[in-house]
Amino acid sequence: MRIRSLSVEGFRGFNEHREIHFDDRLTVFYAPNSYGKTSITEALEWLLYGYTSKVKSAEYSKEEYKDSYRNVHFPDDSVPCVTAVFGNGTEEMTLRSELLADDRYKHYLDGKEVAVWPFESDDLSASKPFILQHALKNLLLVKPSDRYQAFALLLGLDDLGRVQDDFVSFATRYRQPAEVERLCAEVDGMFATAEGKVMLANVSKLYKSGKSVDDVYAAVLAACATHLKTDVEQGDVLPRLISLRNEKAEAVFAKPIKLDAYSDQQTKQHKVDIEYFTAFVTEELLGQYLELAALATVNHIHERARFFDLGVELLGKSAGSCPLCGRPVDDTLAEHIRTCHKEASEDRKESAQLDQRRTQVQQSLSSLKQRLDANHLVHVSLTRDFLALKPSLEQLRGILAEVHASEFQGVEDAVNHVDQAKGQLDKAYQTATEAVDAVMVSVEQSKEESSVLKQLGEDLVGYASQAKSFTVAVAASIPAATSAANALRQELDVRAGTEDVAVLIQLLENRKKVEKKKEIDRILAEVKDLRRTVDQLVSTRILEVIAGELTSGVLGWYDQIKTSCDHEVHFCGFDVPRTKTGELKARCISINAVSYGKSLPSAVSSLSESKLNALGLCLCIGSNMNADCPFGFLIIDDPIQSLDVEHEAQFVEILRELVEQGKQLVVLSHNKGWVERLVRHCSSLNGAYYEITGYDKTGPHVKWQPWEKTQARLDTIDAIVKDNDADSAQLARAEA
Amino acid sequence: MTGKELCSEFIKQLERDAGKPLHKRILCAYLKDISVKAMEDELSKALLEVVNRAD
């Protein structure tokens, strides 16, 4: 794909619209410095890649380059754009990019908006068709790691570099999950404590030196044996140590500081209980309760029915006389008794339902009382040990206050806080149970009153509220209790002389955690190993490219640029240096040089600036010619800076050879003499020559110039006509 | 060589090296969407498996 024309407006040095047409083989621009020739290169680079390498490489000063693509004089209401026509034989395509705010852009291919250019794909790793003076410095006169990146970019191996960057980032910036960090810190903390104990320092040393868990714990058990003084089965070591420690600690202070949190089950049940208590007294219950007032009547019905049951039964046994007094009972009286019995039996049936309600209310009250008791008991049990500390607080102060004053103050406040909450809870519990009892008695005695049940409702809500406050007080006191418990444990170990035993207990109790920590260490070491393997693989690939094709390609061009006055100090190839162990150094490229057959430390420190510049040019050319580049053109911007006259002349030869090898060249230079020499030397190519004759707010003034003076052109044509070996294409080109 | 090709080549190499299943696991994760986060997530998973393993 060759470039045919370029139109620019509003981009970099270009304000008003400018259009440039390129020769199919060689186009040359001359312009003094600051006349905008680099803007031509930048416009093309931005069109193809969406950025210029100058801006991209200026990561450290992004602010300074912000919005630098847009020409400051370009009207605000217009859109800067770059358009280029590319061709390949008869095929042609027009690429247009519009510059939007914040350096965004829109692409148009043959007038239609597209997301990417057709030549862009995952495989667009080929060398870019630009040789830029500022980029040469990034290749050579930089530290090896930066050079490595620049080479990767130049050689189209950025993907490989990105993969390597990903693995470096992964291996160096990875942050472990909090659970993993906690476990590691806990285990490291245990061994750090052991390190401070003379008798356990060996244990810590073994752990830190990476010995196996078995080796570390063999040393732990040996230390345990010293403390226990008698031979103990391995399984009994821990219980014996705990017992030893507790015995000695209890001799100093017998009461533990212990305040556990509510278990999940308790918390769940508590929530259900609170809802139950606050919703116990409902309108429905009140209705059922008040209906029980009729129970007195019901009792009377039952007694009456039982009386008539007996009367009817006895009447059946002694018909005609009263079974009690023997007086005669006539038919009328007997009938009356039977009728009354029948009525009482019917009344009794109707009252059964009411009776059942009474039983239900009584069961509900009984159940309520049980739940109140159970709920209260949970709170009492949970805080019993903690509140039992209260009488011993003065003794505790004597132990803790000197070294752990804040911990003591914390636990003292916590005990008082929980105790106060407990007092209020007990009071509310007492009131609520009394209210339940009062309702039960009222039902028992058939003296139901709505005020009694309503009072129960209020007292239950009161209890629920105190129970809730109590749980909050407990939760708030746990950190202080835990902190004081730890301080007490430490202080007791100091006073009881069980510090080493405490560390040994901790180590024995946490062997599984130590095993897990070792496994975590192994995994993290494998990650480092993975990074090393990736580095080696990438470096090997880079080495293949730079030491093989690239070195021979660059040497081919470099040998051509040598001059007669070059003294014998020369570039001799690219390499990836090795470490002392023979591994390839990661992210590092060296440039080798020789002097009279002897290796020099580096071409960078040995070659003159002119020669380094020439090497940079050859490197760019070599990589571009080797790469599977989709572009048939090469833009070379100001190539001869710091070249001496003879190197300049040699470089003209190289440019001509590039054209003859099929490259379409666009060469820009500030050196008029050299440009004219290039044109003269390539006169038969009959390319395009432009001079930028001035620069103002509208942009550079690009003027087409004849490739040769008319007489010179006629002489060239005449020479071709007379040359029997010349072909018709040469003549056509000379006449064009 | 693109990043994906490199990973494929690398995973093949690791398949031959049966001693390091973690490498293969991380590379497989990376290969899925070529991101550091995918590798980090996989490593976190491996580490949490160790931490949360029942004693």
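Q: Let's start where the chains meet. In which hand, left or right, does H6(A) pass H3(B)?

A: Keep in mind that this is a predicted model. To read the hand, look at how the near helix is turned against the far one: anticlockwise by less than a right angle is left-handed, clockwise is right-handed. Here H6(A) passes H3(B) in a right-handed crossing. The axes of H6(A), residues 158-173, and H3(B) come within 9 Å and cross at roughly 35°.

Q: Which residues make that contact?

A: From H6(A) you have Asp166(A), Ser169(A) and Phe170(A), and from H3(B) there are Val36(B), Met39(B) and Glu40(B). Sorted by class, this contact has three nonpolar, one polar and two charged residues.

Q: Now zoom out to the whole interface. How many residues of chain B are in contact with chain A?

A: Count each side on its own: 21 residues of chain B are in contact with 27 residues of chain A.

Q: And which elements of chain B give two or more residues to that side?

A: They are three helices of chain B: H1 (3-16), H2 (21-33) and H3 (36-51). H3(B) has the largest share, with ten residues. By class, the chain B side divides into 14 nonpolar, four polar and three charged residues.

Q: Let's go inside chain A. At what angle do the axes of H16(A) and H17(A) cross?

A: Roughly 160°, and the axes come within 7 Å. H16(A) covers residues 405-444 and H17(A) covers 450-496. Angles over 145 degrees count as roughly antiparallel, so that crossing makes H16(A) roughly antiparallel to H17(A).

Q: What is the hand of that crossing, and which classes of residue are in the contact?

A: H16(A) passes H17(A) in a left-handed crossing. The contact between H16(A) and H17(A) has 26 nonpolar, eleven polar and four charged residues.

Q: On to strands. In what order do the three strands of the open sheet in chain A run?

A: Read across the sheet from neighbour to neighbour: the order is E9-E10-E11, and the pairing is antiparallel. E9 (569-575) and E11 (598-600) of chain A stand at the edges with a single partner strand each, so one side of each has no neighbour in the sheet. On average, neighbouring strands here are turned by 35° against each other, direction ignored.

Q: How many bridges join E9(A) and E10(A)?

A: Six, with E9(A) and E10(A), residues 590-595, pairing in the antiparallel sense. To see one of the pairings up close, find Phe574(A): its bridge partner in E10(A) is Ile591(A).

How values were computed:
Residues are numbered from 1 along each chain as its sequence is written. Chains are lettered from A and ligands numbered from 1 in the order in which they are written. This is a predicted model: local features need pLDDT of at least 70, side-chain atom pairs count only at pLDDT 80 or more; totals for chains, interfaces and linings use all residues. Axes are lines fitted to C-alpha atoms, for helices over the stretch in contact, and angles run from 0 to 180 degrees between N-to-C directions. Helices (H or I, at least four residues) and strands (E, at least two) are DSSP runs, numbered from the N terminus. Angles under 35 degrees count as roughly parallel, over 145 as roughly antiparallel, 65 to 115 as roughly perpendicular and the rest as oblique. Ala, Val, Leu, Ile, Met, Phe, Trp, Tyr, Cys and Pro count as nonpolar, Asp, Glu, Lys and Arg as charged, and the others, Gly among them, as polar. Two residues are in contact if their C-beta atoms, placed from the backbone, lie within 7 Å. Two strands pair if DSSP finds at least two bridges between them.
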